[in-house]
Amino acid sequence: MNLFQGVNKLNHLLVLLCGVGFIFVSGLAFLVLRAVEKYPLSNKTQRLLHLAVFMFLAIFCILIFDWYSSEYIKSLSES
């Protein structure tokens, strides 16, 4: 019995690529945060910077899911 019957392999590759891309961008964001923490900034500025980076990651995650879901819906409508 094939559990993945009718599932396009492109979707699995797309999920893997998006996951790796998100991990890469998250790593870059934390690397930037770590580099900026070496500079003498006020506590408020550091908190605002952390908030901005985490908001960027949240928006990036939402955009990835939106793109994947639109690709998934498009692939369903084509078949």
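Phe24 counts as exposed, at 55% relative accessibility, where exposed means over 50% relative accessible area, buried means under 20% and partly exposed lies in between, computed with a 1.4 Å probe and protein chains only. This residue is found in helix H1, and together with Leu28 and Leu31 Phe24 forms a nonpolar patch on the surface, with about 320 Å² of accessible area for the three residues together. Such a patch is made of residues with over 30% relative accessible area and no salt bridge, with nonpolar side chains (Val, Leu, Ile, Met, Phe, Trp, Tyr) joined within 5 Å and like charges within 9 Å; a salt bridge is a side-chain nitrogen of Lys or Arg within 4 Å of a carboxyl oxygen of Asp or Glu.

The model is predicted, and for this reason local features need pLDDT of at least 70 and side-chain atom pairs count only at pLDDT 80 or more, while totals for chains, interfaces and linings use all residues. Residues are numbered from 1 along each chain as its sequence is written, and side-chain values use heavy atoms, leaving out hydrogens and water.

The chain as a whole has two helices and zero strands, these being DSSP runs numbered from the N terminus (H or I with at least four residues for helices, E with at least two for strands). Of the 79 residues in the chain, buried residues make up 15%. The chain exposes about 6,700 Å², of which carbon and sulfur atoms supply 72%, with accessible areas taken from the Shrake-Rupley method with a 1.4 Å probe, and with only the protein chains shown counting as cover for residues.

In soluble globular proteins, nonpolar side chains tend to be buried together.

Rings of Phe, Tyr and Trp (its six-membered ring) pair if their centres lie within 6.5 Å, and planes under 30 degrees apart count as stacked, over 60 as edge-to-face and the rest as tilted. Phe56 and Phe60 are also stacked, because their ring centres are 6.1 Å apart and their planes are at 15°; both lie in helix H2, four residues apart, about one turn of the helix. Ring pairs thus link Phe22, Phe56 and Phe60 into a cluster, in which Phe22 is partly exposed at 26%, Phe60 at 24% and Phe56 at 45%.
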